[in-house]
Amino acid sequence: MTTLSKEMREVLIKEIPWISCTPVQTLSSKNGDTHKVVLAGKDELLYESVLMANNREQWTICVSSQIGCAMGCVFCATGAMGLKRSLSSDEIADQYRFWKQFLAERPELPQRVSNIVFMGMGEPLVNIENVKAAINTWLTHTDIGPTRITVSTVGVLPVLEEILTDPDWPAVRIAISLHSPEEASRREIVPTTAPDFHKRLAKWTHDYQAVHGNRRHHVTFEYTLIAGVNDTAEEAQKLVKFIKTTSAVKVNVIPLNPTGKEGLTASSRDGIEKFKRILLSSHIDVTERKTMGQDIAASCGQLALTVKSDGKIVG
Ligand code: SAH
Ligand code: SF4
């Protein structure tokens with residue numbers, strides 16, 4: 001704004017920053033299909049955001065909603081950090097702006113961002129007001145529609161229940177991180193599992209279907225497969241039984257990504273296939289999440305930051 005005085009412009013730059021985050025480090029996977037950035041907020045706390053190529057030759061952004069996470073899921077590196085703080089709505093929304101700028105500086109790459117998923121650091125439903133505001137910013141100012149935005153949640157039941165009657169809830173997709181068909185065994189890996197979790201969740205899926213349901217707004221369950229913990233044939237059969245009590249029709253299995261946590265290993269290829277087959281034979285739609293960016297610690301559950309003594313940040 002060259003019509004403003006130089007002094008005024010300097011004040012504006014300082015007081016109203018163009019973007020709420022500063023990139024500290026960017027990492028790209030060897031095959032170029034995944035990029036991860038470490039961002040610093042105004043208070044210099046660090047968080048991460050990921051850009052992944054999707055099969056339409058476009059990009060999906062995996063955004064963080066918090067720095068760290070209080071939920072403590074045993075297989076998740078973000079959970080091991082504990083919660084530092086929630087991100088502001090600008091800090092969430094600006095992850096999109098950061099990646100658009102990143103792509104603009106690399107004209108050789110496809111430019112279109114088609115999807116946004118809340119699968120980075122943090123539990124979005126614990127920061128629901130800022131998450132909603134960021135989503136509404138994208139819906140207003142970008143060409144990304146509500147069915148191309150997915151909020152993934154560990155399943156904070158009171159907030160899920162609020163969404164049903166919230167007139168401001170943007171009609172985005174919801175994915176529930178289920179991980180286990182039964183309460184006690186789920187609590188072993190997801191310690192925040194509430195009493196009567198499965199029963200209340202099943203009821204919620206029907207209520208959700210009644211309020212928001214249509215062909216494009218089904219609930220998806222995410223299920224991270226951990227060898228010998230939740231990937232046995234018995235667990236798969238129990239899962240089928242549970243799913244039949246819900247309105248959900250789709251399960252997205254996620255092979256466990258290593259986080260350095262002892263005693264937890266990914267299911268074998270054979271184990272994953274067997275698990276999927278049991279669900280498929282009961283007419284449950286199963287997809288498997290493609291693991292991307294493991295070489296830069298950018299896969300699901302790997303987002304955590306370690307600053308080494310030489311000041312270098314490692315994933
Ligand atoms: N807090 C939200 C969103 C962030 S985690 C949630 O839990 O859903 C995004 C997804 O990554 C979740 O489905 C989560 O269960 C999964 N995840 C976490 N750690 C993982 C790991 N080590 N390997 C594979 N998936 C993991
Ligand atoms: Fe938090 Fe999700 Fe990680 Fe659980 S899986 S600790 S809810 S970020």
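K238 is partly exposed, with a relative accessible area of 26%. In this predicted model, the side chain of K238 meets that of E182 in a salt bridge, with 3.2 Å from N to O. The pair connects distant parts of the chain, since K238 belongs to helix α8 whereas E182 sits in the loop between β9 (173-177) and α6 (183-189), 56 residues apart. E182 likewise counts as partly exposed, at 37% relative accessibility.

This contact is one of 20 salt bridges in the structure. In general terms, side chains of opposite charge can pair when their charged atoms come close. Another example joins D143 and R112, whose side chains meet at 2.7 Å, N to O. D143 is in the loop between α4 (128-141) and β8 (149-153) and R112 in the loop between α3 and β7 (113-118), so this bridge ties together parts that are 31 residues apart in sequence. D143 counts as exposed because its relative accessibility is 55%, while R112, at 31%, counts as partly exposed.

The bridge between R289 and E222 has its closest N and O atoms 2.9 Å apart. Because R289 lies in the loop between β12 (285-288) and β13 (306-307) and E222 in strand β10, the pair ties together parts that are 67 residues apart in sequence. R289 is buried, with a relative accessible area of 15%, and E222 is buried as well, at 3%. Elsewhere, salt bridges link R269, E273, K276 and E288 into a network.

F221 and F242 make another tilted pair, at 5.9 Å centre to centre and 40° between the planes. Since F221 is in strand β10 (residues 220-225) and F242 in helix α8 (residues 233-243), this pair ties together parts that are 21 residues apart in sequence. F221 and F242 are both buried.

Ring pairs also join F98, W99 and F102 into a cluster. R106 lies over the face of F102, 3.7 Å from the ring centre, and R97 lies over the face of W18, at 4.7 Å.

Around ligand 1 there are 21 residues, of which F75, S152, S177, H179 and N257 come nearest. A polar side-chain atom of S177 is 2.6 Å from an oxygen atom of ligand 1, and a polar side-chain atom of T224 is 3.4 Å from a nitrogen atom of ligand 1. Taken alone, ligand 1 exposes 520 Å², and the protein buries 96% of that.

How values were computed
Residues are numbered from 1 along each chain as its sequence is written. Chains are lettered from A and ligands numbered from 1 in the order in which they are written. This is a predicted model: local features need pLDDT of at least 70, side-chain atom pairs count only at pLDDT 80 or more; totals for chains, interfaces and linings use all residues. Side-chain values use heavy atoms; hydrogens and water are left out. Rings of Phe, Tyr and Trp (its six-membered ring) pair if their centres lie within 6.5 Å; planes under 30 degrees apart count as stacked, over 60 as edge-to-face and the rest as tilted. Helices (H or I, at least four residues) and strands (E, at least two) are DSSP runs, numbered from the N terminus. Buried means under 20% relative accessible area, exposed over 50%, partly exposed in between (1.4 Å probe, protein chains only). A charge sits over a ring if NZ of Lys or CZ of Arg is within 6 Å of the ring centre and within 35 degrees of the ring normal. A residue is near a molecule or strand if one of its heavy atoms lies within 4 Å of it. A polar contact is a pair of N or O atoms within 3.5 Å; within protein, one must be able to donate a hydrogen and the other to accept it, and residues adjacent in sequence count only if both atoms are side-chain atoms. Accessible areas come from the Shrake-Rupley method with a 1.4 Å probe; for residues, only the protein chains shown count as cover. A salt bridge is a side-chain nitrogen of Lys or Arg within 4 Å of a carboxyl oxygen of Asp or Glu.
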